[in-house]
Amino acid sequence: FGLLTFLVDPWITDPPRHHQVDVRTATDYAVTADQTGKLPVLLLMTEAVNAAMVTHALLVADAARPFFQVHLASFGGAYAKLLEESGFAYHVLSPVWTEEQTAAIYAVDQFESFSSPYTKEVLQEQISSSLQLYSKIAPSAVVAFFVLSASISARIARLPLFVDMSMTRETSTDPRAIAVSMPDSGVVAKLGLRTPLSHMASWLMKRLNFITPAFEAVAREWNITGIHLVWDLMEGDYTVISDIPSWAGVDAAALPPQVTYVGPLYGKLKKDIPKEVLQLRERATSEKQPLVWFAMGSSGQPPLVLATLRELLKQQPKWFIVAPVHALLAKLKINASDASAKAEAGLDSPQLYIPPELLPSQKVEPLCDLALTHGGQGTVHTSMCSGVPFVGVGMMPEQDLNIRLAVNKGMAIQAMKFDPPSQIAGLMHDLAHSPEMRIAASKIREECQEYTGEYAFVELIQQKLAGK
C-alpha cells in the first residue's frame, strides 16, 4: 500500500477531466504585456533535452513570426543548438539540465524509474529564472512544450499559459485506449488479461502523482492550488493537442472547453537533403530494393536501437537504410562518424547512412519506402503525412498508443521494446511484402493535408488573447 500511495492518490473518487488552478499570488508579481512594439511578445519555452519538443517550438515560432515578436527559452539540453541557430531571440534559463538529470527525465517518462529530477530546489531555481525572463521581455503569453515548471511560473506572473500536449488526459487514461496499446500477439492478450489490466492501469494513471509533491509544495508557497496530479503539470489555461481527433477516436464536440485539437506537429527542419540520402535513394531504385527510414527520436533506448539496427543489417543485407541515430549511439560511446567505430559496433555497411546531425525528416522520409520508428507522436505523424508504412516499437505507453492508432489505420505493425531485436527487425520483412499497408498509408497522407498544425496553433493563441 505504501508503494501505491507513493505513485498515486488512491483517495480521489472522481478524477477531473482537466485541471483548474486557483491563483492567489500577490499581484506584485504580475507581468503586464509590452504594448510599445509593433508586435506583441510571445514566449515559447521548450525542453531542449527532447528533439520533438524543440521541433514543435520551432514550428510554432515560424508560424507566429508575422504576428508576434517571438522569443525562445529552455533549460539547455542536447538540442539547444537548434534553438540557438533558429534566428529567434533565445534565452538559456537556469539551472541547465545535467546529463544525469536528463537521463532521469527519460527514465521517469518511460516509467523505468520513480526518482524525479524535479526537486523542490530545482523547481524554485527554474521558477526564479523564468520570472526574471518574464519581467525582462513582458510577453503577452507563454507557450510551454513540456516545461513543467511553467505550470507554476506563468501563473505567478498571471500570464496566459498555452501547453502543447500529444493527447488529452482522457485519451491517455481511457481503458479502451490502453487496451489497444497492448499488442494482439502479446502474452497479456493471449491470457485474456487485456481488459482487466487496462482498467487497472486506467485507474492508476488517472491518479498518478508520484512526481508532483515538489510541484505542489512550491505552488503552495506561492498561494497556488489545483496542481496535484501529473496531468495538472501538462495542461495549461489552454491545452493544445497536436493530433487529429478522428485519428485518436475523439469527439471534438465533447472536449473540455480548455482543450483544442490543431492537427499534427512534426519536425520540419530548414535543411537540405544530404547528398548521401539522395545517393542511397538512387541506388535503392536501381537495385530494386527498399530504402528504410530508421528513426528512434531522442527517447529511443540506445542498447535496443543498436541491437535492432544490427539485426536489420543482418537480415536484410541488400536493403538501404537512413538512420538518424548518431546521438543515441553516442550514449554507448560509439562515434558513428568514425568508420572503424562503426565496424567495431557491427554497423559497417555501405548501404547504411548515419547522419551526424538531425535530418529534415519531412523531406527525407517521403523518399523512403518503409520505416522502423520508436512511435513518438511527431515521428508517427511524419510517417502518416509522408505516406510511409512503418514498424513501431514504443519506449513508453504513450508511444505504444501512437503506434496502435496507426495499426488501426492499416499502415503499421506494432512491436514491443521487450521483444527480441531479431523479432522486431523481422517484422520489416512482413511490412515490405504488404501492398495493403502502402495503400493505406497513401490514403492517410491525403487526410493529413486537411490540417494546418502550427498555423492553427498560432491562430488559437491570437483568438484567446483577443478574448474570443
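These legends describe close-up views of a predicted model. Local features need pLDDT of at least 70, side-chain atom pairs count only at pLDDT 80 or more, and totals for chains, interfaces and linings use all residues. Residues are numbered from 1 along each chain as its sequence is written, and side-chain values use heavy atoms, without hydrogens and water.

**View 1. The largest nonpolar core holds 57 residues.** Such a core joins buried Ala, Val, Leu, Ile, Met, Phe, Trp, Tyr and Cys residues through side-chain atoms within 4.5 Å. Buried means under 20% relative accessible area (exposed over 50%, partly exposed in between; 1.4 Å probe, protein chains only). Leu 43, Met 45, Tyr 134, Val 142, Ile 152 and Phe 215 touch the most other members. Helix H5 (residues 120-137) gives the largest share, seven residues. Helices (H or I, at least four residues) and strands (E, at least two) are DSSP runs, numbered from the N terminus.

**View 2. Trp 97, Tyr 118 and Phe 215 form one aromatic cluster.** Rings of Phe, Tyr and Trp (its six-membered ring) pair with centres within 6.5 Å; planes under 30 degrees apart are stacked, over 60 edge-to-face, the rest tilted. Trp 97 and Tyr 118 are edge-to-face, at 5.5 Å and 85°. Tyr 118 and Phe 215 are tilted, because their planes lie at 45°, with centres 5.4 Å apart. This second pair links the loop between H4 and H5 to helix H11 (residues 212-221), 97 residues apart.

**View 3. Thr 382 sits in helix H19 (residues 377-386).** Thr 382 is buried, at 3% relative accessible area. Beyond four places in sequence, Thr 382 touches Tyr 266, Ser 361, Gln 362 and Glu 365 (contact: heavy atoms within 4.5 Å).
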